[in-house]
Amino acid sequence: MIKALVAEDNPVNRELLRELLEARGYTVFEACNGEEALDLIEAMRPDILLLDLGMPVLDGFATVGKIRNNPRLAKLPVLAVTAYAMRGDRERILSSGFDGYLAKPIHVDALFEELNRLLS
């Protein structure tokens, strides 16, 4: 069973992702900010992290930076799930350490295409 960590400060978005993932058989853990996500990564060892960018305490960019700089976590696939959808955002996000990019609102097919690509 695939373990996914969803780090998202918006409870409605977090619930939507959880329900979509659980419907496909994923085990889902949830965090409300990047700091909680880092703690859960260490404790739960997820197979993938779905990470919002605009979160309090520790945003997605700072979180992915800490993941990439930690040898124990550096290989964890991280999918940016974000409202940043302007020209150049995708490239900037991918060049900052994310393995994939998904713009909100979430399109189910695109979500699972990215997850399948990152987990294969």
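## Aromatic pairs and nonpolar cores

Phe98 is buried, with a relative accessible area of 4%. The model described here is predicted. Phe61, by contrast, is partly exposed, its relative accessible area being 23%.

The arrangement of the rings is considered next. A pair of aromatic rings is described by the distance of the centres and the angle of the planes. The count comes to 2 aromatic pairs, and their values are set out below.

| Pair | Centre to centre | Angle between planes | Class |
|---|---|---|---|
| Tyr26 and Phe112 | 6.1 Å | 55 degrees | tilted |
| Phe61 and Phe98 | 6.1 Å | 90 degrees | edge-to-face |

Tyr26 lies in the loop between α1 (11-23) and β2 (27-31), while Phe112 belongs to helix α5 (residues 108-119), so this pair ties together parts that are 86 residues apart in sequence. Both Tyr26 and Phe112 are buried. Arg24 lies over the face of Phe112, at 3.9 Å from the ring centre.

The pair of Phe61 and Phe98 also links distant parts of the chain, 37 residues apart. Phe61 is found in helix α3 (residues 60-68), and Phe98 in the loop between α4 (89-95) and β5 (100-103).

The largest nonpolar core has 21 residues, and Ile41, Leu49, Leu51, Val78 and Phe98 have the most contacts inside it. Elements giving two or more residues to this core include β1 (3-7), β3 (48-51) and β4 (78-82); α2 gives the most, with 3 residues. Not counting residues up to four places away in sequence, Leu51 touches several residues, among them Ala7, Val64, Val78 and Phe98. A second, separate core of 17 residues includes Leu21, Val28, Leu79 and Leu115.

Terms used. Residues are numbered from 1 along each chain as its sequence is written. This is a predicted model: local features need pLDDT of at least 70, side-chain atom pairs count only at pLDDT 80 or more; totals for chains, interfaces and linings use all residues. Side-chain values use heavy atoms; hydrogens and water are left out. Rings of Phe, Tyr and Trp (its six-membered ring) pair if their centres lie within 6.5 Å; planes under 30 degrees apart count as stacked, over 60 as edge-to-face and the rest as tilted. Helices (H or I, at least four residues) and strands (E, at least two) are DSSP runs, numbered from the N terminus. Buried means under 20% relative accessible area, exposed over 50%, partly exposed in between (1.4 Å probe, protein chains only). A charge sits over a ring if NZ of Lys or CZ of Arg is within 6 Å of the ring centre and within 35 degrees of the ring normal. A nonpolar core is a set of buried Ala, Val, Leu, Ile, Met, Phe, Trp, Tyr and Cys residues joined through side-chain atoms within 4.5 Å. Contact means heavy atoms within 4.5 Å.
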